[in-house]
Amino acid sequence: MAKVREALRSVSLTSGALQLGAVVATFLYAGASQNNGSAYLLAFSSVAIAAVGGLFAWRNLAEVNVRIVDLSPAYAEGDGGETLPHSPQIRLSVRDLGRRGCYGCRVAFPELAPGSQWSIPPIAPSATREVVLSLPPMPRGLHPIGTVQVESLYPFGFLRVRRPFSLDHDGIVIYPAPLLNPPPFPASSSGWEGSGGVSARGDDFIGVRPYQLGESQRHVDWKAVARGHPMKVKQFGGGTETANLVDWDALSGEPEWKLRALCTWLLEHERLGIRYALKLPGGESPFGKGAAHLHQQLRRLATFPGAPFTPTAPPRRRRWWSKRRAS
Amino acid sequence: MSPGWMSTYRRRLAHGEGVEGVGFRDGLSLMIVLFAGIIPLASTVGIPVFACFTTAILLFLRSIRRRRATPPFLRYALLLVSLSSVWLVHGSFVGMEPGVTLFVSLFAIKVIELRNRREYQTVASLGFFLLLCNLFISSDLSSSLWQGVVFISLCAVLQRFHADAGEEGTIPMRLVLRRVGAMLMMATPVILILFFFFPRLPQGFGMQLFHKQTTGMSDELSPGSVEEVVADGSLAFRVRFLNHDPKMAPFYWRGVVLWQSQGLEWTRGSYALEHPRFLRRRGSDQQFIHQEVILEPHGGRWLLALDQPVYGPEHSRLEAGRYLLSRSPVDQRRLYEAFSVVDLDEQLSAMEREVALKVPAREKLPPRLLELVGQWKGDDRAKMIEAQRFFSTKGFTYTLESGSYDNRNGWRMLDEFLFERKRGFCSHYAAAFSSLMRLAGVPARAIIGYAGGDFNPAGGFYSIYQSDAHAWSEVWLEGEGWVRIDPTRYVPGGAEPRNRVEAATSEESEAEAFTNGQAGFTQQFPALRRLGYQWAALNYRWTLWVLGYDRDVQRQFFNSLGLRHFHTVAIFGAALLVAGLVMAALWWWLMRWRQREEPLLRAYRQLCKRLAEVTPERRPGETPSAYRERVLALRPDLRPALDPLFAQYQLLRYAPWKLEDPKAALSTFREAVAALRP
């Protein structure tokens with residue numbers, strides 16, 4: 001019984017169904033008042049086709065499964081002018097386990113991106129289709145995916161069938177927006193050169209240190225790895241390499257602006273290829289560079305408490321039969 | 001300051017606003033279907049509105065191609081042109097044909113305004129109304145088939161539109177049509193159940209939408225009254241003899257009996273004559289000719305039946321002169337049964353004799369007429385023969401181009417016709433003969449109806465066309481009763497009515513029919529003609545079984561099923577239940593396919609269902625490992641049972657090639673799932 005209730009909940013009539021109702025009523029009236037058999041025939045053909053269409057509509061989504069393959073983070077929208085990606089992207093894999101394929105699917109994220117829909121090209125029977133969906137820009141924060149809703153108006157647009165999927169996923173990370181005119185990086189805090197880190201340039205082997213994610217694997221001690229030891233990076237001395245501490249406390253201002261400034265500095269370090277560590281009130285990260293390191297640090301900025309984004313459900317569209325007044 | 005709509009338009013231009021979410025192919029296919037739906041309406045809506053609709057289609061396609069909205073002034077111009085065309089063509093906005101035309105012209109505007117997916121759906125729904133308009137105009141088999149094609153195409157177009165969800169060109173039309181065909185096949189049992197069991201309402205309910213113009217014969221004789229009908233090749237009615245074919249030649253189908261003579265003009269007159277009662281029909285009696293008639297709408301009240309009817313359908317009665325008159329005008333095609341008797345014992349009442357002899361005073365009549373009838377001596381029969389001889393010998397000719405008469409007085413017209421013009425056709429001769437008989441003191445009346453008929457060997461019925469309209473006379477002879485006289489037969493060259501039964505077999509009559517232009521082109525090709533007969537027979541059955549399926553026929557159908565004692569609504573309720581069962585069976589069948597497809601998934605679903613009895617349900621999209629961990633966190637005691645099961649499932653699902661015998665492994669897995677008692 002619960003299944004039937006759930007099935008009924010996932011099916012709703014569209015305005016097309018109302019139009020069909022009007023068409024059928026008119027056919028029936030014409031048939032009755034004119035005693036015309038073909039008007040009756042048309043009426044009943046429409047009703048029966050719509051009913052069979054309903055079965056097809058339900059079956060169309062009965063075997064669909066949705067999985068998130070990949071999420072790519074994005075930056076919050078700033079002052080404009082930056083070339084950074086603002087639209088987070090979701091790589092979604094939609095699979096039809098059935099025998100007849102799946103048509104006219106649309107995917108929506110009612111909590112994450114209310115009001116937006118993406119159409120999925122038809123999926124062949126027992127096939128999988130991967131689509132990349134660009135979501136609208138969002139404010140800084142960690143946005144939980146929430147429900148993924150697959151819906152379809154197939155075959156005739158009289159019924160809307162919805163199937164919700166709740167996926168286990170952290171959510172989409174939105175980094176703070178970089179500042180167009182960032183404050184200069186304080187030379188005193190750790191300096192652009194020399195201090196604060198270990199120099200790793202030069203030719204003389206001076207020891208090993210643990211490997212950090214995203215680092216070049218050129219200096220990994222592979223022999224040790226082969227012996228079953230954890231990954232270590234061989235360090236060479238003699239040259240000079242700078243490493244900076246990007247410090248929260250070096251800035252003064254409101255937190256959100258500080259986060260944006262830190263983000264700008266991190267990006268600048270990454271661009272210049274300088275190793276860096278990020279110090280936030282919660283703690284300090286190890287030094288490093290590379291895409292993964294940057295992502296880790298930017299993620300810390302994104303999830304930094306203060307003005308976290310709280311997803312709100314969109315206001316429900318008021319129906320004409322709804323007596324409830326919007327407060 | 002530009003008007004509001006202008007700025008809206010400029011904004012649309014600036015943003016390149018076209019039609020959102022509707023591809024060109026979808027737009028084009030809908031437009032083709034709508035055009036196909038409008039074609040049969042072309043003659044009803046008139047060329048201007050038809051042209052407006054076509055223009056609207058082209059403008060829409062242009063806007064979708066160029067991704068630009070159609071300029072509003074074009075829309076308003078089109079609206080103005082089409083609305084004024086409605087007025088021009090019909091002179092009114094009220095009535096059936098103006099209503100259809102108005103709908104089509106407003107529909108054209110809606111087509112131009114199509115902007116997004118929702119409106120696409122609306123326009124497609126309005127396309128269904130187009131079918132209804134078609135139905136008002138004609139519902140015979142050919143137009144119904146065409147509408148069926150449009151209906152299926154509309155379904156297919158809608159289906160493809162919703163199948164690709166805006167990604168065009170991904171679904172081939174062939175696939176869509178196949179699926180619509182499959183849906184239609186699945187829907188057919190439900191359609192049939194609903195059609196045959198849905199309770200029909202009594203006739204004449206609600207507003208009468210059909211407004212057929214009066215066609216065919218009229219209920220009066222005057223020079224030229226039959227003339228235009230004879231040129232009309234459309235169907236008047238079809239008759240099937242239910243007990244036996246009377247095998248008489250030709251058939252005279254009684255329409256209206258005229259009692260009031262005005263020389264060459266005859267009308268029904270308004271005399272208080274007693275109308276005959278229906279004879280109790282006796283089904284076994286071969287004397288009664290049982291007919292089933294499908295009468296096309298003619299606007300009058302008469303019902304045609306073989307000469308002479310004695311028993312008619314409900315809501316009709318016999319009029320004085322023994323012809324069937326319906327209670328209401330025949331505005332729709334009507335299906336009824338009638339009984340006729342060829343030789344009938346009748347009495348002439350004094351009142352009838354008086355009316356059947358009624359002529360103006362002698363002083364008011366042209367002297368030549370009186371002189372002519374004065375020459376005829378002997379009894380009534382002798383006078384009748386004299387009159388026949390008069391028409392066959394005095395230089396009368398049969399022609400459909402008899403010309404009009406300036407004289408207003410019918411008796412002077414008669415004088416002019418008999419002694420000067422001597423040219424005419426059946427209505428002239430029937431009127432003249434009957435009037436002369438009255439002048440000679442023989443009771444007479446004139447009859448309008450149809451004569452002959454075209455036998456359809458494929459369907460076993462006769463088709464009678466408007467061109468078979470005919471008029472004849474009846475005179476009362478003592479001892480014989482009313483005797484039918486067809487004076488046209490005595491006129492040299494008079495087209496003798498006949499049943500075109502033998503035309504199918506005899507080459508001579510074939511040639512004759514060809515020269516008479518009766519069947520024309522098809523006479524040259526027997527195969528084509530046979531095909532024509534088959535088609536007409538199909539059309540007949542369509543009319544009988546679909547169009548004519550009304551309350552009475554439904555009741556007969558129920559009775560034949562042995563449901564005599566059940567109320568119609570109760571029967572319909574039971575039928576609905578059957579329809580529901582059919583739908584449930586379809587549902588089961590559709591879903592059964594998927595289960596047959598993936599026995600492994602079914603077993604896994606069963607496993608999850610078992611586990612859900614003791615732990616929370618598996619979330620949609622949750623991986624087997626994640627689910628197993630969640631279950632084990634709650635019920636660690638299940639680990640020995642679950643670990644091998646899940647491992648086996650994952651192996652079967654993701655790496656079946658690692659198994660030596662996947663089939664055996666699958667059945668082991670299923671057994672293990674079945675044996676699991678968490």
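Which residue in β11(A) is the bridge partner of A:A74?

What we have here is a predicted model, where local features need pLDDT of at least 70, side-chain atom pairs count only at pLDDT 80 or more, and totals for chains, interfaces and linings use all residues. Residues are numbered from 1 along each chain as its sequence is written, and chains are lettered from A and ligands numbered from 1 in the order in which they are written.

Back to the question: the partner of A:A74 is A:I174. Strands, by the way, are DSSP runs of E with at least two residues, and helices are runs of H or I with at least four, numbered from the N terminus. β3(A) and β11 (residues 172–175) of chain A run parallel, joined by 2 bridges; two strands pair if DSSP finds at least two bridges between them.

Now the whole sheet. It is open, with 3 strands in the order β3-β11-β8 (chain A) and mixed pairing. At the edges sit β3 (74–75) and β8 (141–143) of chain A, each pairing on one side only.

Next, the two chains together. In chain B, 61 residues are in contact with 57 residues of chain A, contact meaning C-beta atoms, placed from the backbone, within 7 Å. On that side of chain B, α6(B) gives the largest share, 9 residues.

Last, confidence. pLDDT is the predictor's confidence in each residue, from 0 to 100. Chain B has a mean pLDDT of 83, with 87% of its residues at 70 or more. Over residues 502–519 of chain B, though, the pLDDT is below 50. For the complex, the predictor gives an ipTM of 0.76 and a pTM of 0.74.

How values were computed: Contact = placed C-beta atoms within 7 Å.
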